[in-house]
Amino acid sequence: MKKLLSIVATTALITTASFAGPNTGCGLGNQVISNQDSVLMQVFAATTNGTSGNQTFGITSGTSGCAKPAKFVSNDKANEFVAGNMDTLALDISNGQGEALTTLATLLNVSNPETFASVLQTNFDKIYTSSNVSSADVIDNIVALG
Amino acid sequence: MIVALKKAVQLFFGLLLIQTSLFLTPLFSDNNPSLQITKLSKQPQWHRLLHFKNGKSEIDDTRFFFADEGKTNPQAELQASIDQLIADKSDDENSTLCRYPSRSHWILEQIPTLKEKIKIPQCKALNQELKELGAKHVTLILASAHINSPASAFGHTFLRIDNNPNTPLLSYAVNYAAQTTEDNGFVYAYQGLFGGYKGRYSIDPYYKKLKEYSDLEQRDVWEYTLDLTQAQIDRMVLHIFEIRHFYADYFFLSENCSYNLLWLIEVAKEQSILIKQFTHKAIPIDTLRAVVSQGLIKKELYRPSKRKEILALSRPIQNNNSALKFAQSDDYNLSQIKNLTKEEKIASLELATALLKIKRSDNKIDKKEYLSKFLKILRERSKLGKKEKESIPKPSSPKEGHLSSKASLSYMSHDVIKARAKISYHDIYDNDDGYISGGYISFFDTSIAYREGKVELEEIDFLDIKSYAIQDAIFKPISWQVAVGAKRIFHRELNSYLTAGAGVTLGRDNLYGSATISPTIYYRDNEEHSISGNIGLFYNPSKHLKLGVTASHEWFEEDREIEEIEPFITYSINQESAINLKYEYKDLDGEQESDVTLSWFWYF
């Protein structure tokens with residue numbers, strides 16, 4: 001019994017949380033890998049209402065560091081948004097609805113968001129041509145549909 | 001005569017004093033500037049801008065203050081700020097006005113003539129940032145519990161600054177947090193409790209925050225739009241842009257993430273009383289209720305967690321084996337679903353994507369494999385058109401649950417009277433409405449008993465967590481429990497104890513049963529060990545009623561045993577009070593006893 005408990009305690013101590021930094025990239029699949037918190041960390045986090053992390057002040061005005069689309073250069077905010085939400089946007093486009101898609105429609109000043117969503121859905125293949133597609137490609141491909 | 005003389009002398013000295021100060025600081029058209037400064041420095045808003053409470057500022061960064069004694073002396077700080085504004089002739093981003101826009105703005109508002117004495121810099125970068133933010137609405141966001149750890153039910157709050165409420169993904173999140181990369185739980189807890197970390201405000205794109213706290217997507221999120229005017233929002237934003245440069249020591253229990261948001265809200269809405277409501281602890285839902293109590297909430301919006309969305313997705317195919325199998329498979333063989341109806345295909349593909357994303361964020365597959373599968377499923381899904389989203393019922397709002405501290409008074413059969421109190425938060429006898437079902441935390445729970453003319457300490461639980469995470473068709477979280485404290489076993493002296501256990505919980509939000517096994521170490525003069533099997537069944541049919549029964553069998557070394565069965569019923573009258581009736585049957589190694597207890601719960 002004692003042994004079991006001490007094992008529990010040690011495991012909790014040595015299972016340290018690995019900090020995965022925010023993944024920035026211009027392509028698909030830049031999901032953040034979640035921390036595998038130890039039970040002990042969970043207990044303390046639960047009781048102490050703690051959050052941690054490196055604090056930043058990240059108000060940007062359209063410099064995502066990703067390549068800019070060739071055909072559509074004037075809308076920094078849209079470029080940045082697409083670069084930052086590649087996976088969610090792909091998901092929304094394939095579903096024909098969703099918050100990321102609505103947001104993109106607003107950013108692009110689309111007059112009829114319903115039609116926009118349905119056109120994008122039908123042309124999913126033309127937008128997401130491969131898993132290496134970059135955010136600039138995605139915007140170019142979307143604009144090409146219009 | 002003497003009185004008149006005294007008055008004349010006073011008047012003379014008074015005039016002299018005014019003249020002297022006019023001479024020293026010939027700033028204002030006002031007749032008595034030092035008096036004006038004294039008066040201004042007493043204004044509550046000046047104290048708010050300095051985060052001044054109980055005789056000192058909560059900001060611990062010395063660079064925040066211009067006066068040496070600025071932390072404790074608002075008047076000196078005001079005078080020094082004015083002096084600094086006048087003295088600073090620079091015109092770049094680090095000039096006083098650009099770096100301290102909140103206090104500068106307020107001072108210039110109060111003393112408009114000061115504008116003539118100072119050089120107003122352009123603050124290009126600041127203005128650019130303000131423009132980018134374009135603050136028009138402020139939303140208080142409460143992220144409740146994490147999927148596999150309902151015990152994180154204390155939750156987290158932050159603010160979202162919106163330009164357009166219809167596109168929150170373009171908004172910015174204002175967060176207050178401790179700066180640390182500590183991963184040792186003990187160090188983390190110690191430092192956090194005793195101010196060992198520096199707390200800071202940050203602003204980030206909201207979508208980035210969602211990604212960073214990837215678990216946030218596993219939480220229910222409640223959004224509360226604050227009822228603020230544009231002028232109040234502007235004031236809040238300027239304050240954020242000033243306070244962002246400086247730190248305050250972070251205290252998990254009191255000066256924490258939730259509490260520090262209240263400063264921002266109070267600075268915005270001067271009439272609100274928020275900070276004063278909190279002295280020793282500030283729990284996110286309590287801070288939310290404080291904001292509610294000041295009439296600051298305009299609108300409430302519920303965003304279900306990813307987990308609930310996923311369960312909703314699985315609903316149309318819950319009895320369809322091939323559809324479920326496809327969604328949970330590794331190779332996503334499309335022939336598995338080719339004979340399904342369109343609706344079933346859609347549900348199956350959408351569920352598959354959601355589960356695939358979880359696999360990736362748990363690092364169970366690599367990026368390359370994830371991407372090829374992700375696109376394969378999405379391509380297939382894109383051929384099937386749009387489908388109405390499954391509705392997800394809205395649970396009871398966190399602002400409507402019981403308050404988080406509790407005291408209780410009980411009368412037990414055999415003429416025993418018990419009093420009990422705890423700092424927080426939610427235990428098995430409390431109504432679950434507004435809280436996470438199955439997430440129980442008691443913190444510093446103390447109980448004393450009066451029996452046979454004597455008052456005795458019955459029990460202290462420093463910490464007692466029961467995380468009864470309900471398993472469902474898709475998710476299979478492990479339930480766990482930990483407790484540390486001191487209690488009496490076999491009617492003896494107080495024994496300190498430590499217990500930890502694990503098990504399974506099945507059911508749904510308002511009706512669930514748990515089974516756990518928990519080993520315990522007791523210690524008084526020597527160590528004693530036990531292992532206990534525990535079961536519990538809980539039913540929460542309404543915001544007024546909760547019923548339950550718990551039973552356990554605990555085996556000690558030397559073949560001694562304790563058996564307990566305890567059914568209970570709690571009737572909640574409102575957020576502040578409830579009545580609880582319970583029956584306890586105990587078999588202490590062959591010696592039986594039973595008790596009926598009637599308790600009054602008072603939540604505060």
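Start by selecting helix α6 (residues 101-110) and helix α10 (residues 230-243) of chain B: the two pack at an angle of about 130°, with their axes 6 Å apart. The model on screen is predicted. Angles of 65 to 115 degrees count as roughly perpendicular and those over 145 as roughly antiparallel; α6(B) and α10(B) are therefore oblique to each other. Show side chains at the contact. From α6(B) come Pro101(B), Ser102(B), Arg103(B) and His105(B), and they meet Leu238(B), His239(B), Phe241(B) and Glu242(B) of α10(B). By class, this contact between α6(B) and α10(B) holds three nonpolar, three polar and two charged residues.

**The whole chain**

Zoom out to chain B. Its 604 residues include 41% that are buried, and its secondary structure comprises 16 helices and 22 strands. Along the principal axes, the C-alpha atoms of chain B fill a box of roughly 95 × 80 × 40 Å. Of the contacts in chain B between residues at least 6 apart in sequence, 59% join residues at least 24 apart.

Seven strands of chain B make an open sheet with antiparallel pairing, in the order β8-β6-β5-β4-β3-β7-β9. At the edges are β8 (248-250) and β9 (297-303) of chain B, each of which pairs on one side only. Neighbouring strands in this sheet are turned by 35° against each other on average, direction ignored.

For one pairing in detail, select strand β3 (residues 137-143) and strand β7 (residues 221-226) of chain B, which are antiparallel and share five bridges. Ala143(B) has Val221(B) in β7(B) as its bridge partner.

**The core**

Next, select Val174(B). Leaving aside residues up to four places away in sequence, Val174(B) touches Phe158(B), Leu159(B), Ile161(B), Tyr201(B), Ile203(B) and Ile240(B). Val174(B) is also among the residues with the most contacts inside the largest nonpolar core, as are Val82(A), Leu159(B), Ile240(B), Leu264(B) and Ile265(B). That core has 136 residues, and helix α11 (residues 257-268) of chain B gives the most to it, with nine residues. In soluble globular proteins, nonpolar side chains tend to be buried together.

**A covered helix**

Which residues of α12(B) are buried? Select helix α12 (residues 284-293) of chain B, where eight of the 10 residues are buried: Pro284(B), Ile285(B), Asp286(B), Thr287(B), Leu288(B), Arg289(B), Ala290(B) and Val291(B). Show β3, β4 (156-162), α11 and β9 of chain B as well; the buried residues of α12(B) pack against these elements. Just after α12(B), stop at Gly295(B), which takes a positive phi of about 65°.

Finish with strand β12 (residues 439-451) and strand β13 (residues 454-467) of chain B, an antiparallel pair with 12 bridges. Within this pair, Ser447(B) stands opposite Glu459(B) of β13(B). The hairpin of β12(B) and β13(B) has two residues between the strands, and Glu452(B) there takes a positive phi near 45°.

Conventions. Residues are numbered from 1 along each chain as its sequence is written. Chains are lettered from A and ligands numbered from 1 in the order in which they are written. This is a predicted model: local features need pLDDT of at least 70, side-chain atom pairs count only at pLDDT 80 or more; totals for chains, interfaces and linings use all residues. Helices (H or I, at least four residues) and strands (E, at least two) are DSSP runs, numbered from the N terminus. A residue is buried if 20 or more other C-beta atoms lie within 10 Å of its own, exposed if 12 or fewer, and partly exposed in between; C-beta atoms are placed from the backbone. Two residues are in contact if their C-beta atoms, placed from the backbone, lie within 7 Å. Axes are lines fitted to C-alpha atoms, for helices over the stretch in contact, and angles run from 0 to 180 degrees between N-to-C directions. Angles under 35 degrees count as roughly parallel, over 145 as roughly antiparallel, 65 to 115 as roughly perpendicular and the rest as oblique. Ala, Val, Leu, Ile, Met, Phe, Trp, Tyr, Cys and Pro count as nonpolar, Asp, Glu, Lys and Arg as charged, and the others, Gly among them, as polar. A nonpolar core is a set of buried Ala, Val, Leu, Ile, Met, Phe, Trp, Tyr and Cys residues joined through C-beta atoms within 7 Å. Two strands pair if DSSP finds at least two bridges between them.
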